[in-house]
There are 2 protein chains.
Amino acid sequence: MYEFDKLSLNIPATTKPRVVIIGGGFGGINLVKKLSGKDFQVVMFDKQNYHGFWPLLYQVATAGLEPEAIAEPLRKMFGDEYEDFHFRLARVTGIDPVAKTVTTLVGTTTYDYLVIATGTKTNFFGNKEIEKYSFPLKQIPDAIRLRSHLLQSFEQANMITDPEVRQSLLNFVIVGGGPTGVELAGALAEMRKHVLPSDYPGLDFSKMNIYMIEGMDRVLPPMAPESSQKTHKYLDKKGVIIRLNTLVDSYDGEVATLKSGEIIHTHTLIWAAGVAGALVDGLPPESVERGRILVNEFNQVKGFPEVFAIGDIALMKTDEYPKGHPGVAQPAIQQGKLLADNLKHLLRNEPLEPFKYHDKGSLAIIGRNQAVADLPGNVHLSGFFAWVTWLFVHIMYLIGFRNKLVVLSNWMYKFFTYESGTRIIIRPVIRKIGKAAREQEQKASEGKEKL
Amino acid sequence: MYEFDKLSLNIPATTKPRVVIIGGGFGGINLVKKLSGKDFQVVMFDKQNYHGFWPLLYQVATAGLEPEAIAEPLRKMFGDEYEDFHFRLARVTGIDPVAKTVTTLVGTTTYDYLVIATGTKTNFFGNKEIEKYSFPLKQIPDAIRLRSHLLQSFEQANMITDPEVRQSLLNFVIVGGGPTGVELAGALAEMRKHVLPSDYPGLDFSKMNIYMIEGMDRVLPPMAPESSQKTHKYLDKKGVIIRLNTLVDSYDGEVATLKSGEIIHTHTLIWAAGVAGALVDGLPPESVERGRILVNEFNQVKGFPEVFAIGDIALMKTDEYPKGHPGVAQPAIQQGKLLADNLKHLLRNEPLEPFKYHDKGSLAIIGRNQAVADLPGNVHLSGFFAWVTWLFVHIMYLIGFRNKLVVLSNWMYKFFTYESGTRIIIRPVIRKIGKAAREQEQKASEGKEKL
């Protein structure tokens, strides 16, 4: 019986300084792309073998795109033309910044420079019950699970005798009114109008309810008030039921109770309400604040000049961003690129360049032909032009020529036919409905050791 | 807690004769397409919500296509323009041909005409050990599991200290030299040459072995000897190790023992060696022969003139085909279409038309620019022209305009770049290697009740 003890990281010995990067997200891949193999040996760990383009993950969940369209294998991205680059599919269990080692389930390696680029994970704010019964949307398996669940809910609503249970299967609750929540709500509203009635002629879709629960006083709180207003108005028109200034207090798999006292019977509670840093063990507590790693303007972790954190996991407080940079792709991309330069500066004993965030604006899609955009210079767009901008930006930033083509052709197809083609339930086991099923599923996925 | 007792099939009452079809494969969908909703109420059961184009399943397993490209949701295929058509995602547990009922996990319905179009399932010939440790390739989840396993095998071979275990991870054994086995072997050989060396620069791919084990005295036994020869020669040139006239006696997850005495250490044994009819409970034993349902020339099951079996599950013995028709798509398609006509004849008390199989030939792809084709009139093609024929036929028969586009553009991309883009490991849990892992996985998937 072969187990992990037979595996070893198998990283070649080198005379060059070794840069170990944890995480193949936006920060990690942009760093690798600019780091020359002549100067460094570069090692990347990730628990997945692909880079995911998370801004489009909601499309996988709502059957608009297949998972492969938004994921690029890291080995394909950094093929053999990247000299002395070593990817290892291995989960990091901890670091030792004094001994300068990184430990994974497969083995331990030393580093000269360590870059923590682990991003975020779903934050349930300690609510174990919600964690158990809700659907997070953070990774590709989450999206596949949610898509299968949504489609099965309609199949089951179509076969139910009890009208109360049917209503409960047709109530969809999205917790969180940020970009993910808004994009999901918009996509579900479009499915309700254009796709589902012809798929399920026996179901009355006027009874399908889409709730969006947001704790702040407006949707899209990170965006400009104008954009929030436009979005609110549009979603309202599309029949999304928006609840502001309230939170979900409890959810037992069947009944969601809001802080406001409202009770919603639902089989589907989608948790898009928050993220927390995906911390690695081993840093002293003074390096961590609210789940993020405190760094200086060079992304250096306090007390360990050879340890860096970039992207969402890094908390760099500046005058302009006293709470750190927004948790979107751009700061990670820019920090990854700058760090490549700074690592070369370190090698040559040159002074480091401080990070300066170039805000390129933020965008959210809210429906067919509808998006909102906050651009630099206090410019706010909405409607068709913002939508085209959104498409253009997202296709441009998609990794890999093939994926750009796939996503573009999917969108064109969808635009002209009002159809999407990926409404297949690909998980092998079809669930029963209700709490018991969630518990069973949870149990099956527990206790499996992950590489 | 909501369970199956809350569900019911919820099929509307009707004055028209009700046709119940079990299975949305080639036979089932072609029957539905030709059955007018004016004459019949049509009910289809399937345990999946999609029709799969199985001739391309091996491409999903070898990261050439995403699952969505070969699957079309049945509800999309039979949207609301099909009057009085009712799809139900429900697993059939049995039929009662005397009481004229079909029972599913969700509930029971009556029928006037019943069509069994359940196709086949993997046949392990009673070998429980092989069933436990091998990888079948029959359904989309099988292909995803196999793809993930193949990719993880390379990841792990790249991280192994023990050279014997590494070799074992790089030995791939395909059991069965039929079209699936040949197409898999060809695809793996192409990956070894064009894709894997740049993905895994640290691995020595001259050590990767692809074995193909066939019990008969030639590969592709259902095809013409000329085609078998050409295929054998081509695979041989590509470095596939072919063993004829032998079987796999045992496989414990690590060691495969052949009837010939040969022993192969391998972590990957792909089972493409046989299928058996996916029978439903309830037919008397005299209606069943070698796992298939005996039917007359009208596809009627003996003793039950209102029960039909079509496609792979049906065994129609004719002078030309004394052992039944070949287990490929064409007989199923043609029987489905004919049965639509015959059901209308029955309704009008007209005589039924007997089935006559129009053999359109058979095709197998064996590599880039390489295929073999047996065409009617004893014409045998091979090489580039057969390959183009294969592409054309497969794209033509693919269900759905979107899928045709997706597959065509994938192929064009692959043809020009030698690349495929879907090498992502999308299953949530990354396995350990070896027997223990297979056992753990098996256990996790057991005991989950399926709808």
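In which hand does helix 1 of chain B cross helix 9 of chain B? In this predicted model, the crossing of helix 1 of chain B past helix 9 of chain B is right-handed.

**The helix pair in chain B**

Helix 1 of chain B spans residues 26-34 and helix 9 of chain B spans residues 329-347; their axes come within 7 Å and cross at roughly 30 degrees. Helix 1 of chain B is therefore roughly parallel to helix 9 of chain B. From helix 1 of chain B, the contact draws on B:Phe26, B:Gly27, B:Gly28, B:Asn30, B:Leu31 and B:Lys34. Helix 9 of chain B contributes residues including B:Ala329, B:Ile333, B:Lys337 and B:Leu339. Sorted by class, this contact has 7 nonpolar, 5 polar and 2 charged residues.

**The sheet in chain A**

Three strands of chain A form an open sheet in the order 25-26-27, with antiparallel pairing. Strand 25 and strand 27 of chain A are the edge strands, each pairing on one side only. From one strand to the next, the twist averages 10 degrees. The residue ranges are as follows.

| Strand | Residues |
|---|---|
| Strand 25 of chain A | 362-367 |
| Strand 26 of chain A | 370-375 |
| Strand 27 of chain A | 379-383 |

Strand 25 of chain A pairs with strand 26 of chain A over 5 bridges in the antiparallel sense. Within strand 26 of chain A, A:Ala371 stands opposite A:Ile365. Helix 10 of chain A, residues 384-397, packs on the sheet and touches strand 25, strand 26 and strand 27 of chain A. The direction of helix 10 of chain A makes about 100 degrees with that of strand 27 of chain A.

Key: Residues numbered from 1 in each chain as written. Chains lettered and ligands numbered in written order. Predicted model: local features only at pLDDT ≥ 70, side-chain atom pairs only at ≥ 80, totals over all residues. Pairing = 2+ DSSP bridges. Helix = DSSP H or I, 4+ residues; strand = E, 2+ residues; numbered from the N terminus. Axes fitted to C-alpha atoms, helices over the stretch in contact; angles between N-to-C directions. Contact = placed C-beta atoms within 7 Å. Parallel < 35°, antiparallel > 145°, perpendicular 65-115°, else oblique. Left-handed = near helix turned anticlockwise from the far one by under 90°. Nonpolar A, V, L, I, M, F, W, Y, C, P; charged D, E, K, R; others polar.
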